[in-house]
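Hello,

Here is the structure I promised to pass on. Please open it first, and then read on for what turned up in it.

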Amino acid sequence: TCSPAGWCLTTLPDGDLVLKDIWPLEGRAFAIGTSPTVGVKVLEWVESEREWTYIDDGTQNESGIGRYLGRIYAPTENELYYGVSPGLIYHGVRSTSATETWSWTRFELPDQSRIPGRPNAGYFPHPSWSSGALAVSEYALGVWGTGPDDVYAWYLNAIFHWKSEDGGPASWVLEHAARDVPETDQDLYFVSAAGTSANDIWFGGARPGTYRAC
């Protein structure tokens, strides 16, 4: 299943599953995807077993949840975050044994957009520059970090940081909300993050309007 150049084909548990995002670690990887038959699914790849398996608890497919997918992030092989609409961040943990079952909790990020509560807010097509070209759509929700103690999430126009305030339990604390739109029919949405350390982080976004997205 591997080419001479080292590219190896992997088989997904369901043939109609389409992957949205992958986060690799040494010897394993995590992915999030969706299909018309099984809905939103979260998977783990173990290199030694050469196999993808489902690790979610199924609650991401409850009524009103999971229409759109966000990004996925794993600080370690035993901790995982992922996002699904509407503004939900799932957090999974398991013991140090990679054979243990995952325990999942979820958190709902507050809508900080200029006009809160709009249907399908944050879901928009990328511009299609030629007639008949396929426009790829994006949802403004995801999670990323530099390690177990430095994790960020974004939803619509806002960036949140998972941290404790005043010694209390950790929660998603609002770090920044972008509202300075140059045109009245536009909104600002974050769609990605990257960085080199806890002190050097970048967020990429889009400025969609009625007729175009920038």
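A word on terms to begin with: a residue is called buried when its relative accessible area is under 20%, exposed when it is over 50%, and partly exposed in between, using a 1.4 Å probe and protein chains only. Please keep in mind that this is a predicted model, in which local features need pLDDT of at least 70 and side-chain atom pairs count only at pLDDT 80 or more, while totals for chains, interfaces and linings use all residues. Residues are numbered from 1 along each chain as its sequence is written, and side-chain values use heavy atoms, with hydrogens and water left out.

Let me start with Trp 45, which sits in strand β3 (residues 39-46); strands (E, at least two residues) and helices (H or I, at least four) are DSSP runs numbered from the N terminus. Trp 45 is buried because its relative accessible area is 8%. Leaving aside residues up to four places away in sequence, Trp 45 touches Thr 10, Gly 27, Arg 28, Ala 29, Arg 50, Glu 51 and Trp 52, where contact means heavy atoms within 4.5 Å.

For the chain as a whole, the secondary structure comes to zero helices and 16 strands. Of its 214 residues, 42% are buried. Among contacts between residues at least 6 apart in sequence, 42% join residues at least 24 apart.

Now to the interior. A nonpolar core here is a set of buried Ala, Val, Leu, Ile, Met, Phe, Trp, Tyr and Cys residues joined through side-chain atoms within 4.5 Å. The largest one has 23 residues, and Tyr 81, Ile 89, Leu 109, Val 143, Val 151, Tyr 155 and Trp 172 have the most contacts inside it. At least two residues of this core come from each of β11 (141-147), β12 (150-155), β13 (158-163), β14 (171-177) and β15 (189-197). Another core, of 16 residues, lies apart from it and includes Phe 30, Ile 55, Ile 65 and Trp 102.

Leu 109 is worth a click: beyond residues up to four places away in sequence, its contacts include Ile 89, Leu 141, Trp 154 and Trp 172. Trp 154 itself belongs to strand β12 and is buried, at a relative accessible area of 2%. Its C-alpha atom is 5.4 Å from that of Leu 141, 13 residues apart along the chain.

What about the cysteines? Counting a disulfide as a pair of cysteine sulfur atoms within 2.5 Å, there is one disulfide, and it joins Cys 2 to Cys 8 with an S to S distance of 2.0 Å. The torsion about that S-S bond is about 110°, so the disulfide is right-handed. Cys 2 is partly exposed, with a relative accessible area of 44%, and Cys 8 is partly exposed too, at 36%.

Finally, the largest pocket. Its lining residues divide into six nonpolar, two polar and three charged; Ala, Val, Leu, Ile, Met, Phe, Trp, Tyr, Cys and Pro count as nonpolar, Asp, Glu, Lys and Arg as charged, and the others, Gly among them, as polar. A pocket is an open set of points on a 1 Å grid over the protein atoms alone, with protein on both sides within 12 Å along at least five of seven lines, and lining residues have an atom within 4 Å of a point. Among the lining residues are Lys 20, Arg 67, Tyr 123 and Glu 138.

Best wishes

Terms used
1 Å grid on protein atoms, 1.4 Å probe; cavity = no way out; pocket = protein on both sides within 12 Å on 5 of 7 lines; lining within 4 Å.
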